[in-house]
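Please keep the sequence and the structure in view while reading.

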Amino acid sequence: MRAIEFATYGGPDVLELREVPVPEPGPGQARVAVRAAGVNPLDWKLRSGAMSDVAPLAFPHRPGLEFAGVVDAVGDGAPVEVGDEVLGWSETGSYAEYALSSVLTRKPESLTWRDAAALPVAGEAALRGLRLLEVGAGDVLLIHGASGAVGALATQLAVARGATVIGTCGDSGTEFVRSLGATPVRYGDGLVERVREISPGVDAVLDAAGHGALPDSVELRGGTDRIVTLADPAAFGMGITFSGGEPGDQNSAVLRELVDQVASGRLRIRHARSYPLAEAARAHDDSATGHSGGKLTLDIG
Ligand SMILES: NC(=O)c1ccc[n+]([C@@H]2O[C@H](COP(=O)([O-])OP(=O)(O)OC[C@H]3O[C@@H](n4cnc5c(N)ncnc54)[C@H](OP(=O)(O)O)[C@@H]3O)[C@@H](O)[C@H]2O)c1
């Protein structure tokens with residue numbers, strides 16, 4: 001099968017399209033013929049070596065955390081059957097024609113392959129952030145990066161819970177963030193004042209951007225509680241919660257919740273671009289700009 005792999009840390013040019021053996025499912029695993037794979041900022045952060053201290057890779061490494069596709073083989077006790085259309089987290093890397101997974105769920109027909117492949121990572125992170133912050137009706141929630149893949153899902157989920165959401169974005173994301181039911185505000189210098197023009201204070205902050213907005217967040221909150229960042233390691237020196245997920249957070253119940261919300265039209269995914277497998281390097285380049293304008297996916301198979 002064809003797969004993207006890399007044998008050393010580096011720029012997008014280390015990504016190679018290789019011919020590799022098709023993996024065999026072990027107990028509890030399904031083998032999935034991948035139709036679409038989600039591209040996440042973590043993919044290029046891991047590739048660059050920037051995270052080698054906290055998450056060292058074994059080489060060759062096959063990137064890709066999430067997939068949508070069709071089950072073509074199962075190990076003993078796998079939770080799905082051959083022929084099922086599924087989405088989930090990959091244990092072998094999803095930038096490939098086949099991937100192994102034990103945390104997956106069935107895909108309703110109404111979801112496209114791209115929708116399904118876009119959901120696990122961003123959706124789980126969004127739900128986790130709101131859970132840690134205990135966001136509920138009446139809260140004023142500031143979301144940094146409301147125009148991004150994670151932030152846009154978190155915005156919709158928070159609005160659905162009855163929260164008032166102020167969402168940061170660049171100029172090109174303003175109308176999109178407004179369409180999600182949030183009040184858009186431009187990120188960057190002067191953010192505190194711009195937010196205060198909308199609301200004198202905020203009850204909670206979810207940072208889904210990771211671009212140095214924690215000091216402003218503390219000022220707006222009047223302290224460090226009810227601030228969660230998914231992306232800014234400065235949190236560790238500030239007494240702020242950084243959430244990278246705990247074992248068990250990525251589970252099939254979360255996938256089913258996300259799938260139900262998309263299938264019922266309560267949650268929508270903003271797709272930016274899709275690329276063939278061989279152009280994974282271009283997808284990494286685009287993701288690393290920080291302004292991809294929505295979810296990036298690879299079309300495979
Ligand atoms: N901890 C976890 O479990 C977890 C899980 C998933 C993702 N993440 C992290 O969360 C972050 C977002 O992921 P994603 O997939 O949503 O990425 P994304 O789709 O690329 O979104 C990036 C967001 O950051 C905003 N942004 C770009 N430059 C900015 C700046 N200078 N100041 C403020 N905001 C800026 C973008 O706004 P515009 O496009 O409008 O400019 C956009 O809203 C990444 O760092 C990722 O690694 C963490």
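Helices (H or I, at least four residues) and strands (E, at least two) are taken as DSSP runs and numbered from the N terminus. The model is predicted, and the points below are grouped by topic.

**Shell around the ligand**

- Helix H1 (41-48), helix H3 (120-133), helix H4 (149-160) and strand E9 (164-169) each contribute at least two residues to the shell around the ligand.
- The ligand has 32 residues around it, and those that come nearest are Ala-125, Gly-148, Gly-170, His-211 and Ala-231.
- Sorted by class, the shell holds 13 nonpolar and 19 polar residues, with no charged residues.
- Both domain 1 (2-119 + 269-299) and domain 2 (123-242) take part, each supplying at least three residues of the shell.

**Pro-63**

- Pro-63 sits in the loop between H1 and strand E4 (66-74).
- Because 26 other C-beta atoms lie within 10 Å, Pro-63 is buried, the cut-off being 20 or more.
- Leaving aside residues up to four places away in sequence, Pro-63 touches Ile-4, Asp-43, Leu-46, Arg-47, Gly-93 and Tyr-95.
- Lys-107 lies 44 residues from Pro-63 along the chain, and the C-alpha atoms of the two are separated by 22 Å.

**H1 and H9**

- The axes of H1 and helix H9 (residues 280-288) come within 9 Å and cross at roughly 105°, so H1 is roughly perpendicular to H9.
- On the H1 side the contact is made by Pro-41, Asp-43, Trp-44 and Arg-47, and on the H9 side by His-284, Ser-287 and Ala-288.
- The residues of this contact of H1 with H9 comprise three nonpolar, two polar and two charged.

Methods: Residues numbered from 1 in each chain as written. Predicted model: local features only at pLDDT ≥ 70, side-chain atom pairs only at ≥ 80, totals over all residues. Near = placed C-beta within 6 Å. Nonpolar A, V, L, I, M, F, W, Y, C, P; charged D, E, K, R; others polar. Domains from an automatic or database assignment. Buried ≥ 20, exposed ≤ 12 C-beta atoms within 10 Å, placed from the backbone. Contact = placed C-beta atoms within 7 Å. Axes fitted to C-alpha atoms, helices over the stretch in contact; angles between N-to-C directions. Parallel < 35°, antiparallel > 145°, perpendicular 65-115°, else oblique.
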